[in-house]
Amino acid sequence: MGSKAACSVLPRRLARSAVVLLVVLCGGVAGCEYTYEDSGRPEATATSTAGNVALPPDPALEETVSGEALEEWAKAALPESQGQSFYSSSGYLNPGESKSEQTVQLPAGTYAVTLACRGTRRVSFDVTLNEVALVDLTLGCANARVSVVQLEKDAVLSIRVGSRSDANFAYRVSRL
């Protein structure tokens, strides 16, 4: 009897091990990012790396601010980069509002685009070059994210920020 019980436990353990292995393998595949070359690229091309960095959230940042408090939050939310800062902006969005801005002329090179928001919901950030999306991100507020983009030629980036609820936003474009 003892050997019969041991024989029925072994297949269950093997089945559990197989399920765990399958979950680990599927999780590894889900983290992959695929990029495809497009023959109709604009003259000034750019690439975005898959190595985006998420900064830790701060739950105290669910309320929007204005004036000096907004300036202080933006400085704290956008950590200083080691490279030269070329453009930064911050502000307040009413529910359903979006704002579009353009950076100054950026020399060819590698840039960190640091994005942050505060409020109870999410803010969408779209960073484009000649209508080609470099960063398309909806960020949960009380978070910040850094995306790295490569500009092969001098260029001006367009940045659109939008929200469905009250929110503060801040971003910085710095050369690495």
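Start at the N terminus and follow the protein chain: its elements run α-β-β-α-β-β-β-β-β-β-β-β. That makes 2 helices and 10 strands. Keep in mind that this is a predicted model.

**Whole chain**

Show the surface. The protein chain exposes about 11,000 Å². Carbon and sulfur atoms supply 53% of that area. Now colour by burial. Of the 176 residues in the protein chain, 34% are buried. Residues 24 or more positions apart account for 79% of them.

**The open sheet**

Select β4, β9, β6 and β7. These 4 strands form an open sheet, in the order β4-β9-β6-β7. The pairing is antiparallel. Which strands stand at the edges? They are β4, residues 98-102, and β7, residues 132-140. Each has a single partner strand, so one side of each is left without a neighbour in the sheet. Look across the strands next: from one to the next, the twist averages 15 degrees.

**The β6-β9 pair**

Hide everything but residues 122-129 and 158-163. The former is strand β6, the latter strand β9. They run antiparallel, joined by 6 bridges. Strands of a sheet pair through backbone hydrogen bonds. Opposite phenylalanine 125 stands valine 161 in β9.

**Aspartate 126**

Now select aspartate 126, in strand β6. Is aspartate 126 buried or exposed? Its relative accessibility is 16%. Buried means under 20%, so aspartate 126 counts as buried.

Show its side chain together with that of arginine 160. A polar contact of 2.8 Å joins the two side chains.

**Cysteines**

Select cysteine 117: it is buried, with a relative accessible area of 1%. Go on to cysteine 141. Cysteine 141 is buried too, with a relative accessible area of 12%. How many disulfides does the structure hold? The count is 0. A disulfide would be a covalent bond between the sulfur atoms of two cysteines.

How values were computed:
Residues are numbered from 1 along each chain as its sequence is written. This is a predicted model: local features need pLDDT of at least 70, side-chain atom pairs count only at pLDDT 80 or more; totals for chains, interfaces and linings use all residues. Side-chain values use heavy atoms; hydrogens and water are left out. Buried means under 20% relative accessible area, exposed over 50%, partly exposed in between (1.4 Å probe, protein chains only). Contact means heavy atoms within 4.5 Å. Accessible areas come from the Shrake-Rupley method with a 1.4 Å probe; for residues, only the protein chains shown count as cover. Two strands pair if DSSP finds at least two bridges between them. Axes are lines fitted to C-alpha atoms, for helices over the stretch in contact, and angles run from 0 to 180 degrees between N-to-C directions. A polar contact is a pair of N or O atoms within 3.5 Å; within protein, one must be able to donate a hydrogen and the other to accept it, and residues adjacent in sequence count only if both atoms are side-chain atoms. A disulfide is a pair of cysteine sulfur atoms within 2.5 Å.
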